[in-house]
Amino acid sequence: MVSSSAAADPRPIGVFDSGVGGLTVARALMDLLPDERIVYFGDTARGPYGPRDPEEVRAFTAEVVGWLAAAGVKLAVAACNTATAAAIETRPLRFPVPVLGVIAPAVAAAVRATRNGRVGVIGTDGTIASGAYDRAVAEAAPEVKLLSQACPQFVALVEAGRTTDRAVLDAAAGYLAPLVAGDIDTLILGCTHYPLLTGVLSHLLGPQVVLVSSAEETARRVFGDLVTGGLLAPPGPTGHRFVASGDREEFARLAGRFLGPRITVADVTHGSL
């Protein structure tokens, strides 16, 4: 049980992504930590980060974390697998506030869940090419075999609101085929857009394959870090802040797919880096 004395830090939690996919992490945080305020920064003017050079992503990540630190957050969550791979969990940069990535929490959950020692991961081209999940699994559980698959069409399909139609099913079937042939029993959703595809993925893989959402696992890790550090916010009304570096109306339209009525264009402001 968490004592009331641990609820001592009203500062918000920072969450950032190159676009709107990180809102799956923000939503998981809202559900798990209802007293916490969230400042979300979507770098939509420069996203997606997936196809960009890793050094460029490192520079962008440093800028966004600096912006969040100036906004007064107590910690920041890199709700972007590409940024996590480039600047958080591989060759980590030095930041002015603690920063948590999404890869290590998901890997820890996956290696606990697997029964046959064969885990799959799906992600963007950039995340898969980085080898970040390979290194994280090798460090956490060297006996586990990781099978990786890039899924370059998924982000565009999710942002178009297409999560159930035939094109999505066909694309997913093609991406998952080598993982099914590899006899995985656990699949890491290595992109924060992918929780919106769990219906399709579960349908194609069957109930015997455990899906691990980096969004939910990262929210649990944040919960633990706040409790351990005595950083929980006191009970009371919350107000979240959403900032986009690109078009705020487009951000709000896409964000509605992730947060539903929790967000309107009036809730989104423009932010420059």
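Reply: Strand β5 (residues 118-123) and β6 pair in the parallel sense over six bridges. This is a predicted model.

Me: Why are β6 and β8 called edge strands?

Reply: The open sheet contains four strands in the order β6-β5-β7-β8, with parallel pairing. β6 (145-150) and β8 (210-213) each pair on one side only. From one strand to the next, the twist averages 25 degrees.

Me: Which helix packs on the sheet and touches β5, β6 and β7?

Reply: Helix α8 (residues 166-181) does so, and its direction makes about 165 degrees with that of β6. An angle over 145 degrees counts as roughly antiparallel, so the value of about 165 degrees places α8 in that class relative to β6. Helix α9 (residues 198-205) lies across β5, β7 and β8, running at about 155 degrees to β8.

Me: Why is α4 described as roughly perpendicular to α10?

Reply: Helix α4 (residues 103-113) and helix α10 (residues 214-229) pack at an angle of about 105 degrees, their axes being 8 Å apart. Roughly perpendicular covers 65 to 115 degrees, and therefore α4 is roughly perpendicular to α10. On the α4 side the contact is made by Ala104, Pro105, Ala106, Ala108, Ala109 and Arg112, and on the α10 side by Ser214, Glu217, Thr218 and Arg221. These residues divide into five nonpolar, two polar and three charged.

Me: How do you know that Phe41 is buried?

Reply: Its relative accessible area is 0%. Buried means under 20%, so the term applies. Phe41 lies in strand β2 (residues 38-42). Beyond neighbours within four places in sequence, Phe41 is in contact with residues including Phe16, Trp67, Leu68, Val243 and Leu273. Phe41 and Arg241 are 200 residues apart in sequence, yet their C-alpha atoms are 8.5 Å apart in space.

Me: Which residues have the most contacts inside the largest nonpolar core?

Reply: They are Leu23, Ile122, Phe154 and Phe251, in a core of 56 residues. Helix α8 gives the most to this core, with seven residues. Leaving out residues up to four places away in sequence, Leu23 touches Tyr40, Phe242, Phe251, Ala255, Phe258 and Leu259.

Technical notes
Residues are numbered from 1 along each chain as its sequence is written. This is a predicted model: local features need pLDDT of at least 70, side-chain atom pairs count only at pLDDT 80 or more; totals for chains, interfaces and linings use all residues. Side-chain values use heavy atoms; hydrogens and water are left out. Helices (H or I, at least four residues) and strands (E, at least two) are DSSP runs, numbered from the N terminus. Buried means under 20% relative accessible area, exposed over 50%, partly exposed in between (1.4 Å probe, protein chains only). Contact means heavy atoms within 4.5 Å. Axes are lines fitted to C-alpha atoms, for helices over the stretch in contact, and angles run from 0 to 180 degrees between N-to-C directions. Angles under 35 degrees count as roughly parallel, over 145 as roughly antiparallel, 65 to 115 as roughly perpendicular and the rest as oblique. Ala, Val, Leu, Ile, Met, Phe, Trp, Tyr, Cys and Pro count as nonpolar, Asp, Glu, Lys and Arg as charged, and the others, Gly among them, as polar. Two strands pair if DSSP finds at least two bridges between them. A nonpolar core is a set of buried Ala, Val, Leu, Ile, Met, Phe, Trp, Tyr and Cys residues joined through side-chain atoms within 4.5 Å.
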